[in-house]
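Hi everyone, thanks for having me.

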Amino acid sequence: MEDAAVVPDAVFPDSEESPSLRRSLRCSVVDGTSYGLMVGIGETYLQAFVLAIGLGEVFAGMIASVPLLAGSLLQLVSPTAIRMLRSHKRWIVICATIQACSFVPLIVAAILGEISPLWVLTVASVYWGASLATGPAWNTWMGTLVPRPLRARFFAMRTRLAQATTLMGFLIGGFALQAGQGHESKVLIFAALFTAACVSRVVSVIALATQAEPVPIPAGMRFLTLRQQWHRFTTASIGRLLVFIVAMQCGVYVAGPYFAPYMLREMEMSYTGFAILLGVSFVSKFFCLPFWGRVAHRAGAQRLLWIGSVGIIPLAAGWVVSDNFVWLICLQLVAGAAWGAYELAMMLMFFETIPEEERTSILTLYNVANATAIVLGSLIGAAVLKVVGVGVAGYMGVYIASTVLRAASLLLLRRVPSMTVTNAIMPLRTLAVRPMGTVDAPLLPAFPDQVDGRETAAVEPVLR
């Protein structure tokens with residue numbers, strides 16, 4: 001724990017604020033680890049809960065995608081709310097509290113053993129709205145709180161600890177659900193998991209509220225209109241990269257939301273097996289990230305993007321080959337490595353070509369575009385299941401369709417021009433764990449202030 005809180009005295013030799021900063025960094029680590037536990041033990045098992053109470057396999061797939069779009073649209077109120085509150089911290093604490101409260105209806109539903117589809121969609125949308133709304137504001141806040149010389153080391157350490165608690169969370173969840181599988185009150189295990197997730201987020205809220213806010217509203221902050229954001233988002237090389245990312249995400253999510261229903265219902269996989277497959281992909285991805293960083297540094301992010309893209313194309317088709325558990329573990333190992341390459345390259349190319357003062361603003365709009373592609377893909381998958389039928393044949397059709405669309409997106413990748421990327425590090429914050437990979441967000445304060453190979457001024461991010 002000493003490493004988690006260390007702030008070199010040489011950085012602030014005469015500053016009275018050094019103890020306050022140390023306290024804030026300790027609290028930030030508590031926030032990150034508590035948040036990671038919430039993700040692992042709570043949101044990860046929402047699809048399994050929907051299946052357990054009998055809402056159906058197609059709906060279980062939609063619950064992993066539709067709330068993302070609703071949440072990304074809800075986050076658009078963030079800039080107005082921050083201006084009204086005159087503080088990024090206040091807005092983040094409010095949203096984190098709402099996210100904690102979103103587990104309460106799920107706890108009640110698990111105790112009662114039922115919940116309507118509309119209610120669970122609403123709850124999940126509120127959860128994701130609160131989650132995504134904190135992202136841009138938290139990036140801005142941390143940029144003013146964590147001194148620049150400490151950022152790389154601090155956020156790397158914080159990310160590792162958060163990943164560890166996320167892994168611990170969904171492994172505990174899987175083993176707990178498996179232990180309760182033979183009991184009549186097995187749905188009550190979900191109530192315990194959601195309660196643990198709620199408590200974890202409450203601890204996170206307390207840690208957030210305890211941290212300092214040196215600059216509630218940075219003096220140099222500019223506000224971009226949606227039109228200005230869209231213009232920056234769709235011009236030149238960034239626009240072509242965006243088109244490719246949206247096409248690939250659409251292809252991926254034709255199958256992505258339906259892996260969990262297929263495993264838990266059609267394959268009748270145990271919760272322990274489900275958790276192990278999640279863990280294999282999760283660990284593989286983050287163990288490979290340092291290697292992919294070196295590849296990006298030597299060969300370039302565009303080459304790494306090609307490696308990752310080609311790697312994720314056959315992953316869905318791999319489930320058509322065999323349902324042998326050893327085969328699936330090998331497939332998940334490859335999936336974690338491929339997704340690590342793809343996401344690192346995509347984030348590096350996307351954010352290094354955007355000036356620091358525009359990153360937070362553009363990230364907000366990116367969340368909307370990304371979620372739209374996710375929902376479109378999941379609707380295509382649902383349509384395939386409806387036409388072919390919910391069963392093994394239907395899922396095989398979904399996986400083949402996903403593979404074809406992923407491969408077709410490579411035609412768009414050929415149009416993405418080469419970009420100068422001088423950095424090969426992008427710490428990520430895990431928002432959700434899925435059988436086909438994780439949903440991550442970049443930690444922008446840890447990203448070096450360089451654009452097109454030149455140093456930029458230390459300016460604050462913008463909000464709409």
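Let's start with the aromatic pairs: this model, which is a predicted one, holds 21 of them. Take the pair formed by Phe190 and Phe194. Their ring centres sit 6.3 Å apart and the planes make an angle of 35 degrees, so we call this pair tilted. Both residues belong to helix α11, which covers residues 188-210, and they're four residues apart there, so about one helical turn separates them. If helices are new to you, here's the general rule: an α-helix has 3.6 residues a turn, so residues three or four places apart point the same way.

Are Phe190 and Phe194 buried or exposed? Phe190 has a relative accessibility of 2%, which counts as buried. Phe194 comes out at 1%, and that's buried as well.

Here's another pair, Tyr262 with Tyr395. This one is tilted too, with 5.2 Å from centre to centre and 50 degrees between the planes. Tyr262 is in helix α14 and Tyr395 is in helix α20 (residues 392-413), so the pair ties together parts that lie 133 residues apart in sequence. Both Tyr262 and Tyr395 are buried.

Phe190 and Phe194 are in it, together with Phe49, Phe103, Tyr127, Trp128 and Tyr271. And what does Phe190 touch, leaving out residues up to four places away in sequence? The list is Tyr45, Ala48, Phe49, Ala52, Ala110, Leu177 and Tyr271.

That leads us to the nonpolar cores. The largest one has 106 residues, and the members that touch the most others are Tyr45, Phe49, Phe190, Leu305, Trp319 and Tyr399. Which helix gives the most to this core? It's α18, residues 325-352, with 15 residues. There's also a second, separate core of 25 residues, and among its members are Leu21, Trp91, Leu150 and Leu443. As general background, nonpolar side chains in soluble globular proteins tend to be buried together.

Now let's return to helix α14, residues 259-266. Six of its eight residues are buried, so the rest of the structure largely encloses this helix. The buried ones are Phe259, Ala260, Pro261, Tyr262, Met263 and Leu264.

What's the phi of Glu268? It's near 55 degrees, a positive value in a residue that isn't glycine. Glu268 counts as exposed, at 66% relative accessibility.

Arg86 is one more residue with a positive phi that isn't glycine, and its value is near 60 degrees. You'll find Arg86 in the loop between α6 (78-85) and α7 (88-101). Arg86 is exposed, with a relative accessible area of 52%; the cut-off for exposed is over 50%.

Let me finish with the whole protein. It has 20 helices and four strands. Of its 464 residues, 59% count as buried. The accessible surface comes to about 17900 Å², and carbon and sulfur atoms account for 65% of that. Finally, if you take the contacts with a separation of 6 or more, 85% of them are between residues 24 or more positions apart.

Terms used. Residues numbered from 1 in each chain as written. Predicted model: local features only at pLDDT ≥ 70, side-chain atom pairs only at ≥ 80, totals over all residues. Heavy atoms only, no water. Core = buried A, V, L, I, M, F, W, Y, C linked by side-chain atoms within 4.5 Å. Buried < 20%, exposed > 50% of the residue type's maximum accessible area, 1.4 Å probe, protein only. Helix = DSSP H or I, 4+ residues; strand = E, 2+ residues; numbered from the N terminus. Contact = heavy atoms within 4.5 Å. Areas by Shrake-Rupley, 256 points an atom, 1.4 Å probe, with all protein chains shown as cover. Phe/Tyr/Trp six-rings, centres within 6.5 Å; stacked < 30°, edge-to-face > 60°.
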